[in-house]
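Dear colleague,

Please read them with the coordinates open beside you.

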Number of protein chains: 2
Amino acid sequence: MPRDKKYNEVEVLERAMDLFWKSGYNSTSLRMLSKEMGINQFSINASFGNKQAVFLESLKMYKTKLHQLLKTFEDSSNGIENIKNFFYAFAAFTNLDNTKRGCLMVNTMSEFGLEMDEQVGSLISNYEQHLRALFKKNLEFASTKDTETIKKQVNYLVLAIGGLGLATKVQEQNVIEDYIEMTFTNI
Amino acid sequence: MPRDKKYNEVEVLERAMDLFWKSGYNSTSLRMLSKEMGINQFSINASFGNKQAVFLESLKMYKTKLHQLLKTFEDSSNGIENIKNFFYAFAAFTNLDNTKRGCLMVNTMSEFGLEMDEQVGSLISNYEQHLRALFKKNLEFASTKDTETIKKQVNYLVLAIGGLGLATKVQEQNVIEDYIEMTFTNI
DNA sequence: TTGTTTTCTAATCATTTGATTAGTTATGAT
DNA sequence: ATCATAACTAATCAAATGATTAGAAAACAA
């Protein structure tokens with residue numbers, strides 16, 4: 001029988017995710033990953049395949065983390081206030097320990113635009129649909145809004161949370177708070 | 001007397017700007033620039049210094065273009081509607097010919113975050129101040145808003161236009177329009 | 001035409017990149 | 001203890017990167 005792996009693939013992937021989150025895909029080299037993950041380049045490729053695959057797995061892990069955050073708001077009582085609370089939680093999440101990393105998915109959208117790896121692209125658009133569903137559900141809750149209004153407000157909130165993900169990379173906390181408060185003044 | 005330059009530095013810079021606008025700093029190589037600008041790498045460095053300097057000059061040119069757009073709204077009648085019109089013009093500008101390039105400044109903020117070249121950073125924050133001034137002036141026009149409200153609404157609009165710059169890279173036109181319309185129901 | 005000056009071309013430099021190789025080490029079933 | 005297997009290390013590969021070099025070409029004053 002062969003020897004066992006010295007490292008835990010979930011643990012080293014978490015380090016990879018942190019690095020991609022902070023620096024993006026193109027600015028993160030395999031050598032940086034190797035150093036940060038504590039395993040060498042060969043082991044990275046042995047465990048994941050190649051750099052693109054490490055990135056995809058990092059995105060999946062990020063999505064899981066974000067989903068854990070989201071679940072709280074999916075389970076709790078419904079309504080606008082619930083969406084607003086999610087915005088605040090998202091802002092805290094994307095600026096954990098004042099790291100100003102933004103949102104890995106938003107960063108990735110910005111880095112690649114529409115010319116994105118297909119698997120990465122579908123992971124992200126899948127999550128956008130997920131968010132849309134949450135927003136829609138909460139907007140419909142105890143409300144007399146017509147379908148057209150809800151559609152527009154969902155579009156609005158999706159872009160607003162994208163903008164929030166970008167803003168947490170560069171803006172101060174008080175500006176972020178003003179933004180969230182203002183976003184929900186009229187919906 | 002020496003020979004004259006075969007190329008016009010403004011024209012080749014415009015090509016460089018287009019490339020940085022489309023692909024960002026790190027994903028644009030000197031060889032891509034050379035091909036697109038129609039001059040070789042030596043000439044690029046002879047005219048501008050190095051890659052970073054070409055980028056800085058590209059940003060300056062972009063800023064000038066954006067400023068030409070902005071001037072229309074600085075000169076025209078004041079008020080909320082004026083800001084809204086600027087949002088629409090900005091959305092059209094960042095998605096000219098359906099190129100989905102977004103805003104070069106927003107793209108740059110997203111690519112580098114706060115760890116940005118000093119000159120690039122001050123150029124961008126300088127423009128943010130410019131926008132803040134425009135928004136403030138128009139919000140104050142024929143309005144009884146208190147100082148605190150105006151401060152919050154300016155913060156809101158600055159982040160909203162950043163989000164719009166990001167959104168034009170990936171979203172459809174109708175979603176963009178819903179976003180702008182909804183943004184201005186809140187102020 | 002000649003000579004001087006600068007632009008331009010093409011080749012090359014040292015690094016860095018993603019990826020792979022050859023060879024060594026450790027594990028655990030027998 | 002032996003040995004088959006897979007994980008590991010370190011070195012290396014070809015390609016791409018930003019930058020620079022040496023020399024040819026062009027323009028104009030004299």
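A disulfide is taken here as a pair of cysteine sulfur atoms within 2.5 Å, and by this rule the count over all chains comes to zero. C103(A) is in no disulfide, the nearest cysteine sulfur being that of C103(B), 20 Å away, and C103(B) is likewise in no disulfide, with the sulfur of C103(A) at 20 Å as its nearest. Each of these cysteines is buried: C103(A) has a relative accessibility of 3%, and C103(B) also stands at 3%. Please keep in mind throughout that this is a predicted model.

On the overall fold, chain A has nine helices and zero strands, so that its pattern along the sequence is simply α-α-α-α-α-α-α-α-α. Its C-alpha trace spans about 65 × 35 × 30 Å along the principal axes, and 51% of the 187 residues in chain A are buried. Of the contacts in chain A between residues at least 6 apart in sequence, 68% join residues that are at least 24 apart. The unreviewed UniProt entry carries the annotation "domain: HTH tetR-type" for residues 6-66 of chain A; over that stretch the model is 77% helix and 0% strand, and the end C-alpha atoms lie 29 Å apart.

T108(A) sits in helix α6 (residues 104-112) and counts as buried, with a relative accessible area of 2%; if residues up to four places away in sequence are not counted, T108(A) touches F55(A), L59(A), G113(A), M116(A), V120(A) and I124(A). L70(A), in helix α4 (residues 51-75), is buried with a relative accessible area of 0%, and, leaving aside neighbours within four places in sequence, L70(A) is in contact with F86(A), Y127(A), H130(A), L131(A) and L134(A).

How are the two chains related? Chain B can be laid on chain A with an RMSD of 0.2 Å by a turn of 180° and a shift of 0.0 Å along the axis, and the two copies are thus related as by a two-fold rotation axis. Because 100% of the interface residues of chain B are also interface residues in chain A, the copies meet through the same surface.

Helix α9 of chain B (residues 173-183) has contacts in both chains. The buried residues of this helix are V175(B), I176(B), D178(B), Y179(B), I180(B), M182(B) and T183(B), and they pack against α7 (118-140), α8 (147-170) and α9 (173-183) of chain A, together with α5 (80-94) and α8 (147-170) of chain B.

One helix pair within chain B also deserves a look. The axes of α3 (residues 41-48) and α4 (residues 51-75) of chain B come within 9 Å and cross at roughly 60°, and the crossing of α3(B) and α4(B) is left-handed. The residues that meet there are I44(B), N45(B) and F48(B) on the α3(B) side, and K51(B), A53(B), V54(B) and E57(B) on the α4(B) side.

How values were computed: Residues are numbered from 1 along each chain as its sequence is written. Chains are lettered from A and ligands numbered from 1 in the order in which they are written. This is a predicted model: local features need pLDDT of at least 70, side-chain atom pairs count only at pLDDT 80 or more; totals for chains, interfaces and linings use all residues. Side-chain values use heavy atoms; hydrogens and water are left out. UniProt positions are given in the numbering used here, feature names are shortened, and annotations may be inferred rather than shown by experiment. Helices (H or I, at least four residues) and strands (E, at least two) are DSSP runs, numbered from the N terminus. Copies are superposed by least squares on the C-alpha atoms of residues with pLDDT of at least 70 in both. Contact means heavy atoms within 4.5 Å. Buried means under 20% relative accessible area, exposed over 50%, partly exposed in between (1.4 Å probe, protein chains only). Axes are lines fitted to C-alpha atoms, for helices over the stretch in contact, and angles run from 0 to 180 degrees between N-to-C directions. A crossing is left-handed if the near helix is turned anticlockwise from the far one by less than a right angle, and right-handed if clockwise.
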